[in-house]
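Hi,

Here is the model I promised to pass on.

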Amino acid sequence: MKRCLVVDDSHVVRKVLCRILAEFQLECDEAENGLIAYEYCEKNAMPDVIFLDWNMPVMNGLEFIEKIRSMEGGTGPVVIFCTTENDMGLIGRGVQAGANEYIMKPFDSRIIRTKLIQTGIIPANLKTGFDVI
């Protein structure tokens, strides 16, 4: 089973995203800021995908991605910025720092599914509880 790390200072966002990811048969861990996420990655195997908020206390998303990409094994995880930032310059900085994709908040299961398929985390034909029968 593939593992995800959801990094966001909002407890609600983390829970909603983990619930959506479970529908795609992905295991989910959480971190409330970039520093906790960085420490998680130091102590555990790298997750397959990281959903990363931009604006967080202690260590923001940009600082986190710069640090993680320089770690051993840090180039492996797919990183998807999940943010309210819509400034293309900032998004460009995130991609330059190593983000693979980004999504805008608010999001829904279809947006998450699309990004997971685009980044190769899940196959396009994966059936979930969100599929209409």
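Just after α5, Gly120 has a positive phi of about 80 degrees. (Helices, H or I of at least four residues, and strands, E of at least two, are DSSP runs numbered from the N terminus.) Before going further: this is a predicted model, where local features need pLDDT of at least 70 and side-chain atom pairs count only at pLDDT 80 or more, while totals for chains, interfaces and linings use all residues. Residues are numbered from 1 along each chain as its sequence is written, and side-chain values use heavy atoms, with hydrogens and water left out.

Back to α5, which covers residues 109–118. At its start, a side-chain oxygen of Asp108 comes within 3.1 Å of the backbone nitrogen of Arg110. That is a polar contact, meaning a pair of N or O atoms within 3.5 Å; within protein, one must be able to donate a hydrogen and the other to accept it, and residues adjacent in sequence count only if both atoms are side-chain atoms.

Which residues of α5 are buried? They are Ser109, Ile112, Arg113, Lys115 and Leu116. Buried here means under 20% relative accessible area, exposed means over 50%, and partly exposed is in between (1.4 Å probe, protein chains only). Those α5 residues span an arc of only 165 degrees around the axis, so they sit on the same side of the helix. The arc is taken from the directions from the helix axis to the C-beta atoms. Their cover includes α1, β3 (49–52), β4 (78–83) and β5 (101–104), with contact meaning heavy atoms within 4.5 Å.

The side chains of Glu101 and Lys115 are joined by a polar contact of 2.7 Å. Leaving out residues up to four places away in sequence, Glu101 touches Val79, Ile80, Phe81, Lys115, Gln118 and Thr119. Val79 is 22 residues from Glu101 in sequence, yet their C-alpha atoms are 6.7 Å apart.

Now the sheet. It is open, with five strands in the order β2-β1-β3-β4-β5 and parallel pairing. (Two strands pair if DSSP finds at least two bridges between them.) β2 and β5 are at the edges with a single partner strand each, so one side of each has no neighbour in the sheet. From one strand to the next, the twist averages 20 degrees. Axes are lines fitted to C-alpha atoms, for helices over the stretch in contact, and angles run from 0 to 180 degrees between N-to-C directions.

Here is how the strands match up:

- β1 (residues 3–7) pairs with β2 in the parallel sense over five bridges; Val6 has Glu30 as its bridge partner there, and Val7 is opposite Ala31.
- β1 and β3 are parallel too, over four bridges, and Val7 partners Leu52.
- β3 and β4 run parallel and are joined by four bridges, with Leu52 opposite Phe81.

α1 lies across β1, β2 and β3 and runs at about 165 degrees to β2. α5 touches β3, β4 and β5, its direction making about 175 degrees with that of β5.

How many of the five residues of β1 are buried? Five of the five are, so β1 is largely enclosed by the rest of the structure. In a regular strand the side chains alternate between the two faces of the sheet. In β1, buried Arg3, Leu5 and Val7 are on one side and buried Cys4 and Val6 on the other. β3 also has both faces covered, with Val49 and Phe51 on one side, Ile50 and Leu52 on the other, and all of them buried.

Last, the cysteines. With a disulfide taken as a pair of cysteine sulfur atoms within 2.5 Å, the count is one. Cys18 and Cys28 form that link, with sulfur atoms 2.1 Å apart, and at -50 degrees about the S-S bond it is left-handed. Cys18 lies in helix α1 (residues 11–23) and Cys28 in strand β2 (residues 27–31), so the link ties together parts 10 residues apart in sequence. Cys18 counts as buried at 12% relative accessibility, whereas Cys28 is partly exposed at 21%.

Cys4 is in no disulfide; the nearest cysteine sulfur, in Cys28, is 5.9 Å away. Cys4 is buried, with a relative accessible area of 0%.

Cheers
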